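Please look over the sequence and the structure shown below before reading the notes that follow. They are grouped by topic and meant to be read alongside the coordinates.

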Amino acid sequence: MASDDPPGPQSAAPKQKGLKGTAQSTKPVRVSEKPTRKSDRSALMTNEFAGASLSPSAETLSISQPVPGFVLPADEARGGPLKTLLAAVYAIPRIEPGAIAEQMHLLGFRSLGFVCLVLGFVGGILVYQAGIQALRIVPDTSTIGPAYIEILVRDLAASLTALMLATRVGAGIAAEIGSMKVTDQLDALRLSNADPVVYLVAPRLVACVLVTPLLTIVGGAVALTTGALTGLWVFDINPVTFLDGRFVDGIDLGAGLVKSVAFGFAIPVMSAHAGLYTSGGSQGVGNATTRAVVGSSLAVIVLGFLIGALAETLSAGAGQ
Amino acid sequence: MSVRARIGILMALVGGVGVVLLQALRAVLKRSLDWEQLEESLVRLGLHSLPVIFGTALFVGGIMVIQSAPLMTRYGAHSLLGWGAGFGILREVGPILTGLMISGRVGSNNTAELGTLQVTEQINGLRALAIDPADYLVAPRVVAIVLTTVLGTIFAMVVALCGAAITGQILLGVHPVTFWNGLTGGMLGWPDFTHGVVKSFVFGLVIAGTSTSFGLHARGGAPGVGRAVNESVVLSAVAIFVMDALISFASQGH
């Protein structure tokens, strides 16, 4: 594309210089024409993100964006969640210091009580219901604990924590970014040369990916405790018998961990996507929140199914 | 914030939910609720949620089978797969996950709409036109959400059992007839089904009351509506799990 530069760059370069105010922008800026062939279009797509991930002295610039240098177009091109994910990942190197820690506090630490409360109740219910049913078939309470621990490690701790985060964190992200969008604060950020994806989305993505496994571990521990207490009070199971991890193997641990990391990616991306493309007034913010919660919950359930099926096939292969 | 202030806020929340539910009950008993609004709410909140409920239930059925697979293969008890999955789906997972999805889709939508009406002062406008918001807005939505939750849960149970049967066939090689025999083999009965339906009715009341009350108490423009939606979804989720635990323990395994 460098060989067939239109006369445009000469007129675009001073504008770029004025906007960015950096010394490096005296270099000629390549402006790509509107793509006609498919290969051109794919080159434009990669350039779009690559240019955005560089510092303000980016060499590449595409005219498909309303404001040069920003990761996502404002409203002109509505992309899918995948595009938001790519943009956020490319924006990670430009995150401001301290933003991730702040988001980890807001998204993670503030959700701790909520996650513990819900998982504590679920742990009690599960052991109670499963225990009553198991006693109908085998009058042996010694396997309730190990089986419960296995299911908790494989799936329940990760899935339930993620479902709770999808409602709390997902709705929060969408409501925050969405109300900034409808009150034109995102455009104000762009005017101040702060990319909304770098400034808002990427810190939330990184914080959520880091925090979800930690919350899963804490929530799982709480569910384990309430489960053991229910076993002790209702079925008279000695906690030493109950807390027996003999059914847990490496595949179970791996499946739980992979699930929690995958959920940590899915929730902020789905919610931030819903927030970024909010339109309309306060009704639009509400709709964005709805889309965020439904989208992240569905993503959690579908990803949980896929990773669970994969782990099950792996362990069946290992057993033979 | 002091503990007393927090308790005060909590009481106000519970009171708001109670007031909304009582208003709806009164409108239903007096038959003064707006039937056209009810019909529209049923289509918009209920019928349009079916695809989400369908997708959730199908995968949840699959997850139930995947998670009970190690136990089944360990004891070679493939005939129990239908019982295991069916028990979980009918009593716990069906009502809870349908409740969570409806709270996410319908409840938050309801809060957003009512919140928008509130912050743009359209509810005062209704009062100025001598239309009672309780009959016109609150009662139709509460009835529609409760009906949607109960019927949606029954629908989700059927879909989830189908999803479980399909996954069992593909992943574990359990024939659907074996699955069906395990399901109807005498260890599961109508009490398990009604247990789930009772739960879904309570969840419906919780979702309807919380989302309507938070929407009507939204303040402060678009950010206020976003905040109200966020709080109502979180509170509904907590309330669903707490009510689930209470009902499970209160029914003593019946």
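What percentage of the 254 residues of chain B count as buried? In this predicted model, 54% of the residues of chain B count as buried.

**Overall build of chain B**

- Chain B contains 9 helices and 0 strands, so that, read from the N terminus on, its elements run α-α-α-α-α-α-α-α-α.
- Taken along the principal axes, the C-alpha atoms of chain B fill a box of roughly 70 × 45 × 30 Å.
- Among the contacts in chain B between residues at least 6 apart in sequence, 89% join residues at least 24 apart.

**Helix α7 of chain B**

- In α7(B), which covers residues 176–184, the residues F179(B), G182(B) and L183(B) are buried.
- Seen down the axis of α7(B), these buried residues fall within an arc of 100°, and they therefore line one face of the helix.
- An α-helix has 3.6 residues a turn, so residues three or four places apart point the same way.
- The cover over the buried residues of α7(B) includes α4 (81–119) and α6 (133–172) of chain B.

**Contact between chains A and B**

- Chain A gives 48 residues to the contact, and chain B likewise gives 48 residues.
- On the side of chain A that touches chain B, α5 (112–137), α6 and α11 (282–319) of chain A each supply at least two residues, and the largest share, 18 residues, comes from α11(A).
- By class, the residues on this side of chain A divide into 23 nonpolar, 18 polar and 7 charged.

**Packing of α6 and α10 in chain A**

- Helix α6 (residues 144–182) of chain A packs against helix α10 (residues 250–276) of chain A at an angle of about 15°, with the two axes 8 Å apart.
- Because angles under 35 degrees count as roughly parallel, α6(A) is roughly parallel to α10(A).
- The crossing in which α6(A) passes α10(A) is right-handed, and their contact has 19 nonpolar, 7 polar and 6 charged residues.

**Surroundings of T230(A)**

- T230(A) lies in helix α8 (residues 196–235) of chain A, and it counts as buried because it has 22 C-beta neighbours inside 10 Å.
- Leaving aside neighbours within four places in sequence, T230(A) is in contact with G124(A), V127(A) and Y128(A).
- T230(A) and G123(A) are 107 residues apart in sequence, while their C-alpha atoms are 8.4 Å apart in space.

Key
Residues numbered from 1 in each chain as written. Chains lettered and ligands numbered in written order. Predicted model: local features only at pLDDT ≥ 70, side-chain atom pairs only at ≥ 80, totals over all residues. Axes fitted to C-alpha atoms, helices over the stretch in contact; angles between N-to-C directions. Helix = DSSP H or I, 4+ residues; strand = E, 2+ residues; numbered from the N terminus. Parallel < 35°, antiparallel > 145°, perpendicular 65-115°, else oblique. Left-handed = near helix turned anticlockwise from the far one by under 90°. Nonpolar A, V, L, I, M, F, W, Y, C, P; charged D, E, K, R; others polar. Contact = placed C-beta atoms within 7 Å. Buried ≥ 20, exposed ≤ 12 C-beta atoms within 10 Å, placed from the backbone. Arc of directions from axis to C-beta.
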